[in-house]
Protein chains: 2
Amino acid sequence: MYRSHNCGELRASNVNETVTLSGWVQKLRDKGFIVWVDLRDRYGITQLVFDEERTSKEIMEQAQNLGREFVIQVTGTVIERASKNPNIPTGAIEILVSELTILNEALLPPFTIEDKTDGGEELRMKYRYLDIRRNPVKNSLIFRHKVSQEVRKYLSDEGFIEVETPYLIKSTPEGARDFVVPSRMNEGQFYALPQSPQTFKQLLMVGGMDKYFQIVKCFRDEDLRADRQPEFTQIDCEMAFVEQEDILNVFEGLTRHLLKEVNGVEVEEFPRMLYDDAIRLYGNDKPDIRFGMQFGELNAVAQHKDFNVFNSAELVVGIAVPGGNAFTRKEIDQLIDWVKRPQIGAMGMVYCRCNEDGTFKSSVDKFYDETDLAKWAEITGAQAGDLICVLSGDTNKVRTQLSALRMELAERLGLRKPNEFAPLWVLDFPLLEWDEETNRYHAMHHPFTSPKPGQIELLKTDPGAVKANAYDLVLNGNEIGGGSIRIHDKKTQSLMFDYLGFTPEQAKAQFGFLMDAFQYGAPPHGGLAFGLDRLVAILGGQETIRDFIAFPKNNAGRDVMIDAPAPIDDEQLQELNLKLNLKS
Amino acid sequence: MYRSHNCGELRASNVNETVTLSGWVQKLRDKGFIVWVDLRDRYGITQLVFDEERTSKEIMEQAQNLGREFVIQVTGTVIERASKNPNIPTGAIEILVSELTILNEALLPPFTIEDKTDGGEELRMKYRYLDIRRNPVKNSLIFRHKVSQEVRKYLSDEGFIEVETPYLIKSTPEGARDFVVPSRMNEGQFYALPQSPQTFKQLLMVGGMDKYFQIVKCFRDEDLRADRQPEFTQIDCEMAFVEQEDILNVFEGLTRHLLKEVNGVEVEEFPRMLYDDAIRLYGNDKPDIRFGMQFGELNAVAQHKDFNVFNSAELVVGIAVPGGNAFTRKEIDQLIDWVKRPQIGAMGMVYCRCNEDGTFKSSVDKFYDETDLAKWAEITGAQAGDLICVLSGDTNKVRTQLSALRMELAERLGLRKPNEFAPLWVLDFPLLEWDEETNRYHAMHHPFTSPKPGQIELLKTDPGAVKANAYDLVLNGNEIGGGSIRIHDKKTQSLMFDYLGFTPEQAKAQFGFLMDAFQYGAPPHGGLAFGLDRLVAILGGQETIRDFIAFPKNNAGRDVMIDAPAPIDDEQLQELNLKLNLKS
């Protein structure tokens, strides 16, 4: 038996007990005549003490030669500490050690195993097993476990069945790139790893499973942006005999349950916003509504004056920055430089100070008088003491730019509080979105999303205007989930593939099984998927997902710890009926 | 809203309520003036009634034109049934339908959606979404969900943390064949899908996670035997600061919990058996101990007579078949033919009838008298009325043969009762096993298994005799789990790789990260993995796993429903820097 207790559980009530502990040497203080060791395990830290008077010479020497991260086992007596440490739960006691065994020695770790480590990102990833010893990473993984368990509990209690769908499936060129897996037994053929279990969950609905969920790994071979992983985890759900309202209610319930159980936060009914309104009011389909700064469209009051920049713009739009009149001229110039950076791409920014006395002072006073500016203030909701920031240009671009500025300002003003939670449903997404690259419409969610009732005819005349039974759940400015009511009849699904540019042969080859299934009694159904990595990070009060993933990959899709991917043997390639076809 | 209730919940207490139900048409009985429809969903069946007097003509006609598996929605009044059906929970009531909507039509299904279907295996797999509508499959999937939930609950309550380990890892030639995944972003390099998260869970122990579990998909590109799947699910566990005894206790607790919660069965402390004893007494490292028929070794009493077959054999070994004296001569001849089939490969079988009067009658009476045969009976534990079956030959082969015969007889005699549960720990597995093909020793579990203390020296002189800290959990003759105490120091691990024929370079290239990790303070650790597919099947009282997997693959590794694997586009191949290298 390696331990009678863990390093987090001994209290004053255990004094005089003989205990055995095992763990890592966190810290060693050697005063010569007395040695203290902080012994650490997952559960906490317990102080060990060795002293000249009460500890044998041999053990004393052994203790003095311990190094950081040595793995040791000690037996000793729990004694009351002379100077207690109120910051740790075991701070009332220490262990007077009578036996010490070194279970394993340790080289000096390449970075400190402390909450604030001196290790850089790359070093931490290479030695991720050491990084995981650090509280912030360890606690993030434990937190993730807790969230997953609560999700499973809630959905199971609601009658959902977790069904494991296959990982070795079929590649479909629609959507993002698949990872493929060559089949040795089926020459020249490949499996693909699922980008999501979408078709399988729909087949489970056809199969009468009624309520399905799964916490499941999904795979996308995309060029990785920061904070994207080639493998990621979804909470995947589907329900039969439901309308959008049923789904929103269930998953609002789930999210509220998580906020309560995991964060101890009670949240009101989630507000709902139409996609079009989100774009108009926040320039963004995942608005952070923890703070205001809604867009005010100023065309009516700012155009038809002598200011050509505005006159020639498709959209003139502003936000009122609370307390922004306190910005110095230099700070405002910095903001203007910020929006002009290539990543944002604005041509410039007009601003208007709202003075405490009710007067206005703008950067375009030549063109606008107090009455004009008062209208800007009214439309953007600016109060005395605020700063109105105005951008102009092509509608889509300027909205994106102003949205970025709004988030940047919120960040600077401390309005994005990590322990405040503002969920929001965004409804009625467009069915299709135009793709500049391929010069055609693509499904915005996926080709199984149903158009709003009565809108299918519009597909022929104005495809971009067709709205879908599709919804996203947004939390603090992040999309944490999205879904839709699906098409459940073969005719509509065929029509949809047709509009998306599939030939009937392509549709049949890729999704024939699904359209076949729709002929054998498919119920109306719909669902949604949450991105677990991001959900956990946000509930954990953070925006980067990497510390909530035990062994993440870097931006080149590499696991630098195990050094994967890696070349494979020629023999393996031959067995798989493959040859390398290297470009370099 | 598609329904106010599901098809399994209405009772006599609901009479006179107006309800809305949705589901599938299970059965339709049309008497002309009255039509009954069984409406089915996941939760049950509710009878609908339409009649000339109380139903509108239009709806009556609609009802008469419904087909099997049509998806419909009805609104109506709950009424008491004239003739109640005590076999279903809703049997006291029926719904007098006032509104009927056909939600989706259905083609005639290719097989009947009944508990006993007329569909063959292949058809059922092609239309798996219809097969899942059948109770036996649907209930198996729900049962699996329940088992998984209970596993998670138990282990979480015991302080285990579920950590997701990566699916895109590195190929290692040791062990079974990997499925590989070409990396587009890393030219000429491949990921591999994990055969198990073995090294990652060990790194989590090095990382101080202390108690880890995961229900996780694993992958093996093996030539598939019946009832093997290329992707399968493991309950994977690891613990730090433990000895074998700690692990056995935790997972005995888990198994007992499952038997109790899922099967309502209370099981005593699990018996334990040494691997060597299992082989000697049952010819098998996963003995089914629901019944007796332990092997009796007869060399001492059956050799050195004039029967050359036995004299020349390495091992003469028999079992007592309870009540087997009742077998006719013809039945015994059939048994002899059975053991001589090439799949079993025995040269013949000697038998001895144990008559009710205490006398014996054997097939080798020429060589053995009553006194000799009485010794056979004593050694095999045969009682009056039994039949002693004796095989002889090379020790390993004859044990395997007699083990097969024992299982076959138990099957025929009805001794393998699916609702009886006999768990067993098998301990002290050999560390290595000889591989005829490669003419060298391989790790029996995997190269991370630690040898028994003090036995590492034996590796040099008698490698086959070295025992490991390795254990299997056997349930009803199936290995449902296995594990070991791991090596946790670099020196022993290097030595092990050396004995297994790795060059230091190979060991470093494949497992360098693990050996590095062992230098930074690795705690003693060990663990185990359960095969979830089989565990669920056995708890469900079955031995084939396929109905407990939603979308299984066939013996060629194909998903015949979605038709995968399949060829991929040339463009995809090019992006992956690959060319096909077909043999045919």
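**Entry 1: the end of chain A**

I began with A:Glu575 and found that this residue belongs to helix 17 of chain A, which covers residues 570–575. I was looking at a predicted model, and I kept that in mind for each of the entries that follow. With a relative accessibility of 28%, A:Glu575 counts as partly exposed. I then looked up what A:Glu575 touches beyond the residues up to four places away in sequence, and I noted A:Arg184 from its own chain together with B:Arg177 and B:Lys583 from chain B. I also checked A:Glu575 against A:Pro182: the two are 393 residues apart in sequence, while their C-alpha atoms are 9.9 Å apart in space.

**Entry 2: residues with positive phi**

Next I looked up backbone angles. A:Glu69 is not a glycine, yet its phi is positive, at about 70°. I placed A:Glu69 in the loop between helix 1 and strand 4 (71–80) of chain A, and with a relative accessible area of 2% this residue is buried. A:Met293, also a residue other than glycine, has a positive phi near 55°. I found A:Met293 in the loop between helix 7 and strand 12 (296–297) of chain A, where it is buried, with a relative accessible area of 7%.

**Entry 3: helix 1 of chain A**

**Entry 4: domains of chain A**

The domain assignment divides chain A into domain 1 (12–104), domain 2 (139–272 + 423–548) and domain 3 (291–412). I looked up the separation of domain 1 and domain 2 of chain A, and their centres, taken over C-alpha atoms, are 52 Å apart.

**Entry 5: how the two chains are related**

I compared the chains next, and a rotation of 180°, with 0.0 Å of shift along its axis, superposes chain B on chain A with an RMSD of 0.1 Å. The two copies are therefore related as by a two-fold rotation axis. The same surface serves both copies, since 100% of the contact residues of chain B recur in chain A.

How many residues of chain B are in contact with chain A? I noted 129 residues of chain B, in contact with 129 residues of chain A. The area buried between the chains is about 11,300 Å², and carbon and sulfur atoms give 58% of this area. B:Glu164, B:Phe241 and B:Tyr520 supply 7% of the area that chain B buries against chain A, which is more than any other three residues supply.

**Entry 6: the nonpolar cores**

I finished with the largest nonpolar core, which has 62 residues, and the members that touch the most others are A:Leu203, A:Leu204, A:Met209, B:Tyr129 and B:Phe551. The elements that give two or more residues to this core include helix 5 (198–206) and helix 15 (504–518) of chain A, along with helix 3 (128–131) and helix 4 (135–157) of chain B. Helix 15 of chain A gives the largest share, seven residues.

I then followed B:Phe551 and, leaving aside its neighbours within four places in sequence, I found it in contact with residues of both chains, including A:Phe200, A:Leu203 and A:Leu204 as well as B:Ile132 and B:Met561. A second, separate core has 61 residues, among them B:Val426, B:Leu431, B:Val474 and B:Phe513.

Methods:
Residues numbered from 1 in each chain as written. Chains lettered and ligands numbered in written order. Predicted model: local features only at pLDDT ≥ 70, side-chain atom pairs only at ≥ 80, totals over all residues. Heavy atoms only, no water. Core = buried A, V, L, I, M, F, W, Y, C linked by side-chain atoms within 4.5 Å. Buried < 20%, exposed > 50% of the residue type's maximum accessible area, 1.4 Å probe, protein only. Helix = DSSP H or I, 4+ residues; strand = E, 2+ residues; numbered from the N terminus. Contact = heavy atoms within 4.5 Å. Least-squares fit on C-alpha atoms with pLDDT ≥ 70 in both. Domains from an automatic or database assignment. Buried area = accessible area lost by both parts, 1.4 Å probe.
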